[in-house]
Amino acid sequence: METFDYEDVQLIPNKCVLKSRKEADTRIKFGPRTFKLPVVPANMASVIDENLALWLAQNGYFYVMHRFEPQTRAAFVQRMHQQGQFASISIGIKDREYQLVDQLKEMHEVPEYITIDVAHGHSDYVMKMIDYIKKQLPESFVIVGNIATPQAVIDLESAGADATKVGIGPGKACITKLKTGFGTGGWQLAAIQACSAVAHHPIVADGGVRYNGDIAKSIRFGASMVMIGSMFAGHLESPGEIVTIDGQKYKKYWGSASAVQKNDVHNIEGKQLLVPYRGKISNTLQAMQEDLQSSISYAGGRKLTDLRKVDYVIVKNSIMNGDQLGE
């Protein structure tokens, strides 16, 4: 298998057919809805909270609420629906999660999107949860992750997954590759390509994105949605605490498997770090849209999926990784 990552790839331009790159359509249909951009903040407690989830839904963006306040999730679904917005939640595979599914069914509050969010999603217990959700809440669009291989896509789709989420440990706050020796760090983009080659349903690329151009690369290699952590963690609306060092503002950002999140010292595969403060998230989303429109223009296309038709070259180590350059 050919392995490569975001910093190893450059896309090759085609003849432009647009008078202005503003004409390029960045919308994506994902599940039952269409969104302005193929990006979603990571479902981490340091990246998203209820206020941000509501703002994203109201403004035409996809979101996935995290699962780290488990007792509030049913009420969250209800509140989103009362405000006329879609509900998108995360669940795990422990026994209490089956009780949540039952509770939602009894309340007649069906989330439009449910993400089964576990570190190693290619699992018999994950497939058991897919089956349970499909029986109890058949109208929910079920996203399942995280995975790294084509066989995982095949097995999870066969179990009923409506989308699969690819990425084991490529994110800034993740140290899975160092702690376990496993993961897609360094070959995340190749993993997206391999998984999308066998997928019949959408792929969510999760982790490793450092620049806006990486969104276009994710789409080129088969993703329909791109989950982003560190680039979304530093905003005014982000939950993390603001820290000022030598006059520069930062926000705290931590992994879902970190000691900070787990409040434990066992099975730690994440860390806490500081990311530069970025101001309002609306400005970042606008910049992402403009850059993606430019990408579509360079691709010789008019819409997002035209990015999948471009050629590319492997240019190993010629593009500095975002972790080395900083932000």
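Author: In this predicted model, the residues that line the largest cavity comprise seven nonpolar, one polar and one charged. They are Val 40, Phe 62, Val 64, Thr 115, Ile 143, Lys 165, Val 204, Met 225 and Met 227. The largest cavity holds about 30 Å³ of space, and a search of the whole structure finds one cavity of 30 Å³ or more.

Seven strands form an open sheet with parallel pairing, in the order β4-β10-β9-β8-β7-β6-β5. At its edges stand β4 (39-41) and β5 (88-91), each of which pairs on one side only. On average, and with direction ignored, neighbouring strands of this sheet are turned by 25 degrees against each other. In general, the strands of a sheet pair through backbone hydrogen bonds, in either a parallel or an antiparallel manner.

Strand β9 (residues 203-206) runs parallel to strand β10 (residues 225-228), and three bridges join the two. Within this pair, Asp 206 stands opposite Met 227 in β10. Met 227 is also one of the residues lining the largest cavity. Helix α7 packs on the sheet and touches β8 (163-166) and β9, its direction making about 170 degrees with that of β9.

Finally, the loop between α6 (176-180) and α7 (188-198) contains Gly 181. Gly 181 counts as exposed because its relative accessibility is 63%, which is over the 50% cut-off.

How values were computed: Residues numbered from 1 in each chain as written. Predicted model: local features only at pLDDT ≥ 70, side-chain atom pairs only at ≥ 80, totals over all residues. Heavy atoms only, no water. Helix = DSSP H or I, 4+ residues; strand = E, 2+ residues; numbered from the N terminus. Buried < 20%, exposed > 50% of the residue type's maximum accessible area, 1.4 Å probe, protein only. 1 Å grid on protein atoms, 1.4 Å probe; cavity = no way out; pocket = protein on both sides within 12 Å on 5 of 7 lines; lining within 4 Å. Points joined across faces, edges and corners; volume = space filled by probe spheres on them. Nonpolar A, V, L, I, M, F, W, Y, C, P; charged D, E, K, R; others polar. Pairing = 2+ DSSP bridges. Axes fitted to C-alpha atoms, helices over the stretch in contact; angles between N-to-C directions. Contact = heavy atoms within 4.5 Å.
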